[in-house]
Structures are given as C-alpha cells and as structure tokens.
Amino acid sequence: MSKWVCLLDYISNFSNTVVLLSGGTDSSFLTYACTKAKTNVIAVTFSSMLVPKEEVDAASKVARAFGVPHHIIDSDDLNVTEIRQNHPRRCYFCRKHRDELVKSWLKNLAPEKFVVMDGVTASDVGEYRPGLEAAEEDGVLHPLKEVGLEKWEIRRLAQEFGLPFWDKPSSPCLATRFPYLTTLDEDEIARIAEAESCLMSMGLSNVRVRSYHSGVAVVEVAPDDMEKAWALKDNIKNALFSVGFSVVALDLDGHKSGKMDLLMGGVRHDSV
C-alpha cells in the first residue's frame, strides 16, 4: 500500500480535523490530503511578529484553493518570556503557547469532536525539535510522520498532483535570524522581514538575513544563487541600507539549515 493511500486511511479515521496550516509545503499538503480523505477540515494559521506576512497570505491562498474554512489566530508570542529572550528551547514554549490558543478557540466548536494535526514529517524525527516535544505533550497528531512520509516524498507527490506549492522554499520563524539569548525586538524583527522580502523580490531563493549584532546584516542565499547574489551585491547593499542596516555582508558558505546553532556549540535546536 502506498504512503499516500496510508495517509488517506489514517486521516479518514477522524470525522473532524483542525490542521495547523503554516503556509509551507508540508502543512499545505496535509490540508490537501484531508480534503481527499473526506474529513471535515478546518485550517488554523497563526499571525505573529515572528511569522512573515507572506506566509499567512500563502496559507489563506491554500485554504481558499481547497475550499477549506480558514481561521487566523493572533499569537502574541513575544509576550512569552522565553520566546522574547530567544531561549534555546524557544520552540517548546512557543508551541505550548500556540497549542493553548488553539484549545481556547476550539471551546466554541465542541472540542471533544475535533483532533488537531500538524505538518511534521518523518524527516523531522532525527533532529532536536523542542516544538515537536511540546506538540506530543499536547496531543497534536502528525499524520505525515505516522505514515513515514519524508519531505522529499511530499514534494514529489505534490508535484505529481499539480499542487503549486511543491517547490516552495521553507520559511522558518523569524526568531531564527537572531542568536539564542538575544532579546527579540519588534523593530529588529520587522527590519529582518522587510529585508528578506526585498531580496526575494530580486529573485533570490532560500534567503536568510541574520542579525548577529544590531545594525549588522549577514545575508545567506541558496548555494546555487551565490553568483547571482554577488552580481546583485550593490542592489542588496542599497536595499538593506534603506531598511536600516549599516553593515551588510554576504555569507560565502550560503544558506544552510541550523547556522545559528553553531553559536551554541553545534547542537541543532531547530531548522533555521
């Protein structure tokens, strides 16, 4: 039996589901699968200073395309001390906070009839993910993981099904642009979001603008885009100067997940 069929069988065990739809490929694919499994599905997306606006818009677009009711919850993440302080286990506290918001919202929808699912995959299991630990404590289901679907398989299936998000780059929480134990500031976060939006408009993919020190931006792009980024160096510099950075550097190593974790002794805390 194919993993896709197993996924539909798994989901069909539940009459009413809430999918935590981030707008990324994995949770979008899960939302699509729920519609094919004929379950009653509602999509929930968190709006936060730590979530690029483009991701919330992408989630709304996915929900509309699949005809799924969509609810956006405002998440005051920076009011949680461990999140604002960018604690090394920030993702744990963030997930606990957001799970509580979903539980409170569900109180008006006969919560005992709904299960909550997210887009965690089999590829996520081998990494240290405090957020996954919190989700399991809170009873959130991981259908993609349960049937053994890895990220590359999900992208391949999404492409086969003609889903437009199959090759969408990942876009982790904006807190990952700052070193751990750096107090997160609304203005600094907004500056990072604007800077990355500018660079993506230049056709660069997998962009990260790291802020290791106030006013200093270190730009990461996909390794395949390094030559393009160098050719655009003056445009990149001017764009980042215009949003308030005074020093701009290009990371010659390119974008690699977990870059900030090197500052914590090499322990990978999340996919950044």
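1. Some ground rules come before the details. Residues are numbered from 1 along each chain as its sequence is written, and side-chain values use heavy atoms, with hydrogens and water left out. Because the model is predicted, local features need pLDDT of at least 70 and side-chain atom pairs count only at pLDDT 80 or more, while totals for chains, interfaces and linings use all residues.

2. Let us begin with Asn86, in the loop between helix 4 (81–84) and helix 5 (90–106). Helices here are DSSP runs of H or I with at least four residues, strands are runs of E with at least two, and both are numbered from the N terminus. Asn86 is not a glycine, yet its phi is positive, at about 55 degrees. Most residues other than glycine have a negative phi. Asn86 counts as buried because its relative accessibility is 0% (buried is under 20% relative accessible area, exposed over 50%, partly exposed in between, with a 1.4 Å probe and protein chains only).

3. Next comes Asn206, which sits in the loop between helix 9 (186–200) and strand 5 (208–213). Its phi is also positive, near 50 degrees. With a relative accessible area of 26%, Asn206 is partly exposed.

4. Which residues does Ala249 contact, leaving aside its neighbours within four places in sequence? They are Ala217, Val218 and Val219, where contact means heavy atoms within 4.5 Å. Ala249 itself belongs to strand 7 (residues 247–250) and is partly exposed, its relative accessible area being 32%.
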